Amino acid sequence: MFSRPSLCGTFGKLCRCGTSTTAAAAAGTTTSPAVSALALCEARRYHEVVGDIICPSQVRGIDHIRDPRLNKGLAFTLEERQVLGIHGLQPARFKTQEEQLQLCKIAVNRYTEPLNKYLYLSDLHDRNERLFFRFLSENIEDLMPIVYTPTVGLACQRFGLIYRRPHGLFVTFNDRGHIFDVMKNWPEPNVRAICVTDGERILGLGDLGACGMGIPVGKLALYTALAGIKPHQCLPIVVDVGTNNIDLLEDPLYVGLRQKRVVGREYDDFIDEFMEAVVKRYGQNTLIQFEDFGNHNAFRFLDKYRNNYCTFNDDIQGTAAVAVAGLYASKRITGKSFKDYTFLFAGAGEAAIGIADLVVKAMVAEGVPIEEAYHKIYMVDIDGLLTTTRKVGNLEGHKVNYAKDIEPMADLEQIVSAIKPNVLIGASACPGLFTPKILRTMADHNDRPVIFALSNPTSKAECTADEAYHNTDARVIFSSGSPFPPVKVGDKTYYPGQGNNAYIFPGVGLGVICTGTHHIPDDMFLIAAQELANFTESSDIERGSLYPPLENIRDVSMNIAIGVTKCAYDKGLASTYPEPQDKRKWLEDQLYNFNYECSMPVTWTWPRMPYIKTRELVPTKLYGKKKSEEIL
């Protein structure tokens, strides 16, 4: 009799097991049932649970402890432990999920360094999926700065040191011609949302190459925690084409391709193959969110793919929507409309251009002619004010729409004094760019100056909340891209709101996924901005925030998803029919369940079979020499 094989083995044993069985079959030899059972047990060492519909015949008892989707820790009941065959593998204590959540809070608060908190949460995710997402969703105000900006930036910088196990796919340039084969290796067959980066522009930290995986992992964790999108439907991907970061190339801990970035036609063909592989593997309506691509590629790919794939760029469109939502909310303070504002953008990258384009769309929606809308927006890049007359820099792509026919200026203080903007938006990743003099100038020209310092992480912000309030006599209408602590001026304490993309992209993603939307128009992001602004209460504005508290973000996501759903059906972009009448209930029915479910197999009774007398069984002889002997 064979003893049960060890649960912990090497992949080599698994391969040898499969190879030996195949070789025996090819040689025409017969494998004993005991050996076959051993081989099967060896092959079942790695969990095979995919999707959210579990096939009981494919799951062993031990899988309920090892698989993070099935594991409930000490929350398994006595009956579950006994029936599943895991009784004795855990201590005698029985806990509720609520008790586990309390322990998680104690555990994470024991750490003082944000990166250690990040590692604890990552480990929890690997052990107990439902507990992780419930803990995150119910403590989003405390934990979002850990799983997302600013801590995720540090995690990316230390990625080679802290890497534990795969949470997504790494598709390298060396895989060109075989990207679909790599995609097949991801075990989930029903992926609906992909977040992809090439790591060239991670937050404001620059080129981090393959270490940028932390960004799509964090983004998709928020898809689930904030919008209830099922985690198995989400796939983080890094397309690794190398890095131009010399420090990484020389770093012995770097985990990506150790080569300079591939550029030009080869790079474009590689991304084309990737997009085609996604559609071939998961379908035309798979949402592909581009994240942290270089400025020179972000707009190109958005323009190239937006009408052929279900895709958007969060750095361009998500950032734009959350910023415009803040501008909508600011109108309730200033009493002005967009046509009364003059805008100045410090930065002319994908975030700034995206915000400006959506501001133009918002002004057009208010009845402002598009030429006048462009005329009211000024933009500054590294070479100064965008003008048609300047001799340095360039006006490639979307920048040309905002170039003014005036004399060039390079100094931001001079530009602010000359233009006298009502709204100053920073998206430059240049810390301290908004000097005290610039802030005071804004206050001199406006009763309530609107100043957004949107660059991430906190160390890259154009100014701090404290600087903004104290240099404007607390008259500033302020928002930032990363969180800042409360600011006390006189007897009043202000709680500046964070213009976080997480208010936008989870709700947009939920609406797009559920409706099976073909393409994502900018109208959906304008709707998202309006829904977010509508959710901001007067009490939020009074305390200094243009956004609702993060604890309400799941409700915000649902409202945005409803607005996106309506837009998808109104514009004929949806592919899920019939159109639901009660869209809120229809969306809620498709959300992820953060609570534990019963691990017991479902059982039911049958009715008692009626008695029917059967005829006498007469044996039949199937083979015989004489026909007369066929029936005995």
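Cys 195, Val 196, Thr 197, Asp 198, Ile 215, Lys 219, Asp 314 and Asp 315 are in contact with Glu 291, once neighbours within four places in sequence are left aside. These contacts belong to a predicted model. Glu 291 lies in the loop that runs between β4 (287–290) and α15 (295–305). With a relative accessible area of 2%, Glu 291 counts as buried, because the limit for that class is under 20%.

The loop between β4 and α15 also holds Asp 292. Its relative accessible area is 1%, so Asp 292 is buried. Not counting residues up to four places away in sequence, Asp 292 touches Thr 197, Asp 198, Gly 199, Glu 200, Arg 201, Ile 202, Leu 203, Ile 215 and Asp 315.

The unreviewed UniProt entry lists Glu 291, Asp 292 and Asp 315 under "binding site". They are spread over 25 residues of sequence but cluster in space, the largest C-alpha distance being 6.7 Å.

Gly 490 sits between β12 (487–489) and β13 (492–494), in the loop that joins them. Is Gly 490 buried or exposed? Its relative accessible area is 58%, so Gly 490 is exposed, the cut-off for exposed being over 50%. Between the C-alpha atoms of Gly 490 and Asn 245 there are 46 Å, and the two residues are 245 residues apart along the chain.

Note on methods. Residues numbered from 1 in each chain as written. Predicted model: local features only at pLDDT ≥ 70, side-chain atom pairs only at ≥ 80, totals over all residues. Heavy atoms only, no water. UniProt positions renumbered as here; feature names shortened; annotations may be inferred. Helix = DSSP H or I, 4+ residues; strand = E, 2+ residues; numbered from the N terminus. Buried < 20%, exposed > 50% of the residue type's maximum accessible area, 1.4 Å probe, protein only. Contact = heavy atoms within 4.5 Å.
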